[in-house]
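This report goes through the fold, the sheet, the disulfide and the aromatic pairs in turn. The sequence and the structure come before the text.

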Amino acid sequence: MRSSRTTIRVIILLILFTAVGYTISRTLFYNDYNAINPGDLAPDFTLTTLDGLKLKLSDTKGKGVILNFWGTYCPPCVTEMPLIEEKYQKYKDQGLTVVAVNIAENKITVDRFAHRYGLTFPIVLDSKRETIDPYGIGPMPATLFIRPDGTIIPIEMQGKQTDRPIFEGQLTDKVLEDHIRKILP
């Protein structure tokens, strides 16, 4: 009698731990690719820059946009920032802009980071994580490439176009060059 109660309790605990583990993993690692698709208009948002100005994504219409979601706590994000800055400097006079959306960090931390790495492109603060769901952002860094008309282009992987709108992981020089060519005005 006692061993059957113990067995039932163990089973209930295993089910409970499995459900909690599944919920946590879905929250941390799930990316809802159905939130947006290539060819869709990029969901608009208005966030505050490090300079205290409001930046509305739709105000970048007419430019090619690298939309990057990142955090200073993310090692691949930190590694790719100087490369993004390099491409911004190279192509900004040709109509490229970068909007770097920092997720859930305070202004002081992000400002120090931007100064340390000499970042000059617009950085906006999403302290309430309000851009995550409309874009289906999961792991970071996550990057989208947006045409001057505001539509999202598909990501190319190993020379082949995919049906994915988001590049997840650290950007490389080749990935940036390949996608920037497709979004310049």
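Which residue in β4 is the bridge partner of F69? The partner is V101. The model is predicted, and the values below are computed from it.

F69 lies in strand β3, which covers residues 64-70. Strand β4 takes up residues 96-103 and runs parallel to β3, with seven bridges joining the two. Both strands belong to an open sheet of seven strands with mixed pairing, in the order β2-β1-β5-β4-β3-β6-β9. At its edges are β2 (54-56) and β9 (167-168), each of which pairs on one side only.

The protein as a whole has five helices and nine strands. Read from the N terminus, the elements follow the pattern α-β-β-β-α-β-α-β-α-β-β-β-β-α.

**Helices across the sheet**

Helix α2, residues 75-91, lies across β3, β4 and β6 (142-146), and runs at about 155 degrees to β4. Helix α5, residues 173-183, lies across β3, β4, β6 and β9, with an angle of about 140 degrees to β3.

**Disulfide**

There is one disulfide in the structure. A disulfide is a covalent bond between the sulfur atoms of two cysteines. Here the bond joins C74 to C77, at an S to S distance of 2.3 Å. The angle about the S-S bond is 75 degrees, and the link of C74 and C77 is right-handed. C74 and C77 are both buried.

**Aromatic pairs**

Five aromatic pairs are found in a search of the whole structure. A pair of aromatic rings is described by the distance of the centres and the angle of the planes. Two of the five pairs are set out in the table.

| Pair | Centre distance | Plane angle | Type |
|---|---|---|---|
| F69 and Y135 | 5.4 Å | 50 degrees | tilted |
| Y88 and F121 | 6.0 Å | 85 degrees | edge-to-face |

What parts of the chain does the pair of F69 and Y135 tie together? F69 is in strand β3 and Y135 is in helix α4 (residues 132-135), so the pair links parts that are 66 residues apart in sequence. F69 is buried, with a relative accessible area of 0%, and Y135 is buried as well, at 1%. Ring pairs also bring in F45, which forms a cluster with F69 and Y135.

The pair of Y88 and F121 involves helix α2, where Y88 lies, and the loop between α3 (107-117) and β5 (123-126), where F121 lies; the pair therefore ties together parts that are 33 residues apart in sequence. Y88 and F121 are both buried.

**Whole-chain values**

How many residues does the protein have, and what share of them is buried? The protein has 185 residues, and buried residues make up 43% of them. Among contacts between residues at least 6 apart in sequence, 75% join residues that are at least 24 apart. The accessible surface is about 10400 Å², and carbon and sulfur atoms account for 56% of it.

Terms used
Residues numbered from 1 in each chain as written. Predicted model: local features only at pLDDT ≥ 70, side-chain atom pairs only at ≥ 80, totals over all residues. Heavy atoms only, no water. Helix = DSSP H or I, 4+ residues; strand = E, 2+ residues; numbered from the N terminus. Buried < 20%, exposed > 50% of the residue type's maximum accessible area, 1.4 Å probe, protein only. Contact = heavy atoms within 4.5 Å. Areas by Shrake-Rupley, 256 points an atom, 1.4 Å probe, with all protein chains shown as cover. Pairing = 2+ DSSP bridges. Axes fitted to C-alpha atoms, helices over the stretch in contact; angles between N-to-C directions. Disulfide = S-S within 2.5 Å. Phe/Tyr/Trp six-rings, centres within 6.5 Å; stacked < 30°, edge-to-face > 60°.
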